[in-house]
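Work through the exercises below with the model open. Try each task before you read its solution.

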Amino acid sequence: MLVVNHVSKSYGKFEALKDINLEFSNGVYGLLAPNGAGKTTLIKMLTTLIFPSSGEILYNGTNITRLGEKYREQLGYLPQEFGYYKNYSPKQFLAYIGALKGMDKKVVNKKIDELLKLVALEDVATKKMKKFSGGMIQRVGIAQAMLNDPKILILDEPTAGLDPKERVRFRNLLSELARDRIVILSTHIVSDVESIANEIIMIKDKQVLYKGSIDEICKVIAGMVYETSIPYEQAAMFKKEVFSLSEKQEDGLLKIRFISKKTPEPTWTAVKPNLEDVFLYVYRDDIQESSAI
Amino acid sequence: MRIILYELKKIFQLKMVCLLFIISFIFYQLFINFYFEHFPNGRPALDLYRISMEMIEQYGYQMNQEEFEHFKKVYEKEKAAADAYLQARQEYVEAGLDTYEKFRTADTEKQEIGELVDQIIFVDQVDLFWELQARETLIEYYENRDSLFSIVDHPLTAEQKERIKDTIASGNIMSAEVFENYNNLIRYVAILIIISIMFMISPIFLQDRRNHVVFLQYSNKTGRKIFNLKLQTAFIAAGFITTMQLGLFFLLYRGNKVGMFLDSNINSVFTHEVFWFELTFFQYILLTIVSIYLLTFTLTIIVAVLSNRAPNYISIVGFQVPLAILLFAVVIDYLVVRITKIGLPIYFLPSAYVLLILIGSFVYFWSVKKEKKVDLLH
């Protein structure tokens, strides 16, 4: 079990994360927050790239810093900015990563073939990566993270650059892998985690805001989500009174999904909230700020 | 070891090796080749070199007073031969240049006399006349050997006086041309090695930080040990580059045919050089090689640490330019060329190298320790 115990991280006077408490056991965890919320800081601490200013991270009861390489050999990590050597082929690069992971050369070679097949890169296994698309590079990144069959798999924005088909395949792969390991998936794309995450962790204002199953988290706005259709000319006024989640044109009217704490009107239809609704509602200030920018 | 091999492959990638070859080739063409192609550089340097060899053949590596008298007799004989050469030529007799003495002191401002002198010296390049000049120089050096007491600017210490006295008394034979030529060459070779190391080692950490591979390196089992492994790789690479450059240089240096002087003592009235230690030319060469290795290993640590801390290649170049200027203009002259000369205190060289090793070790251990705790943000 991986435990984050009262962890804070500051850089001088700037506080990036404040008193984070989390527990991870086998399963998929979706770390959901807008860009800049501190997801990567938390992930970097979990991967020993940075150290907590206070608090501790324990793996099976021992501080991960003290465990050192014994902890890191259980780790598979795909960074947000996945680094690779352009002039290396996937095979060469994975062999290098295998050496960094302290794996036996023969075992690495066998595993490389398996993984390249799994991520559908076996045809380009010996081609230089400089000509690869973003999706292909990301698949190499996924392969390197899984090379040592890690007990803890941490993926920071793993689906960036993947096409819809690849995303689906990747999600299925993660569900399969998560049966006997911890998979932490950091993303700001709700659909990435909605279908596969056992638990969602939402970070806001440098702290963990919610941690729970999708159903539990959706309860936050239960009974507040509605849909209705209104003429376009009323839209501006209507949106001042409610929090709009999504809008689309339907039969010459504007079909709007929204959150309102007021007593519902007869034309409103109550709908079951989903994770995206919660995300948009929870981070409405951040989202408005980033849209303003 | 596997990781070190991977890191070595990254340092010695084909593109970098090719560029290093081009840099080395251009550097050789611009600065080094001259000292191979023009050694000894003109006359009477060639004659001084030849006569120095002849002296060693005849007298061994030292020349005593009796042997010096013999050397002078040979000079007198050659002078007589020069007299005969002049007297056999009507135009020289008519111009009053019937003896070597007169030929030597002739007023070359007069066009007719000047032309006659030039004919023998520069047009016909008569060996005898060049050799006589060279012998005169060597005799002059030997007879005025007390002038060694003025090789140091400041008042001499008792120890310096002692070393000069020993050198004067030794009668050591060493060619100034050979010694000067080697010092010029090794200076440029040291500069080329420094450039090569700066060029090849600079990307070692920066490359991985720029393309974010460092996140994978530090989060894997090897973790922050990779920093130390990379430093070790840098040492191996620097050792290899230095060995290759020195190997190539000494291979070419064989063509200068200085083998006979390897056992000559470099403290000699003929080179006008006095050192604190009784070193043969071969021992001096070895000492310069050891110095270059020590210098390059210290430089390697500094370049590698800069590579780890500099934000981009421009910053690295910015840091390295003043460092290179300091090395080329000052450090090489004090720590590689003419090392242990008596102009500097006897403990200067060992102290300087101890200091250099201490600086290198400090930077090494400090950076390894710091890297263990550093937050990897970018």
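**Exercise 1: a sheet in chain A**

Two bridges, written here as 2 bridges, join strand β11 (residues 225-230) of chain A to β14(A), and the two run antiparallel. The model is predicted: local features need pLDDT of at least 70, side-chain atom pairs count only at pLDDT 80 or more, and totals for chains, interfaces and linings use all residues. Residues are numbered from 1 along each chain as its sequence is written, while chains are lettered from A and ligands numbered from 1 in the order in which they are written.

Task: find the bridge partner of Glu227(A) in β14(A), then give the strand order of the open sheet.

Solution.
- Strands (E, at least two residues) and helices (H or I, at least four) are DSSP runs, numbered from the N terminus.
- Glu227(A) has Thr269(A) as its bridge partner.
- Strands pair if DSSP finds at least two bridges between them.
- The open sheet has 4 strands in the order β12-β13-β11-β14 (chain A), with antiparallel pairing.
- β12 (243-250) and β14 (269-270) of chain A are the edge strands, each pairing on one side only.

**Exercise 2: helices on the sheet**

Task: which strands does helix α10 (residues 232-241) of chain A lie across?

Solution.
- α10(A) lies across β11, β12 and β13 (253-259) of chain A.
- Its direction is about 150° to β11(A); axes are lines fitted to C-alpha atoms, for helices over the stretch in contact, and angles run from 0 to 180 degrees between N-to-C directions.
- Helix α11 (residues 275-282) of chain A also packs on the sheet, touching β11, β12 and β13 of chain A.
- The direction of α11(A) makes about 125° with that of β12(A).

**Exercise 3: two domains of chain A**

Task: describe how domain 1 of chain A meets domain 2 of chain A.

Solution.
- The domain assignment, automatic or from a database, gives domain 1 (2-212) and domain 2 (220-291).
- Their centres, taken over C-alpha atoms, are separated by 34 Å.
- 9 residues of domain 1 are in contact with 9 residues of domain 2 (C-beta atoms, placed from the backbone, within 7 Å).
- On the domain 1 side, α8 (190-194), β9 (199-204) and β10 (207-212) of chain A each give two or more residues.
- β9(A) gives the most, with 3 residues.

**Exercise 4: chain A against chain B**

Task: how many residues of each chain are in contact, and which element of chain A gives the largest share?

Solution.
- 23 residues of chain A are in contact with 19 residues of chain B.
- α3 (69-72), β6 (75-78) and α4 (90-100) of chain A each give two or more residues to the chain A side.
- α4(A) gives the largest share, 4 residues.
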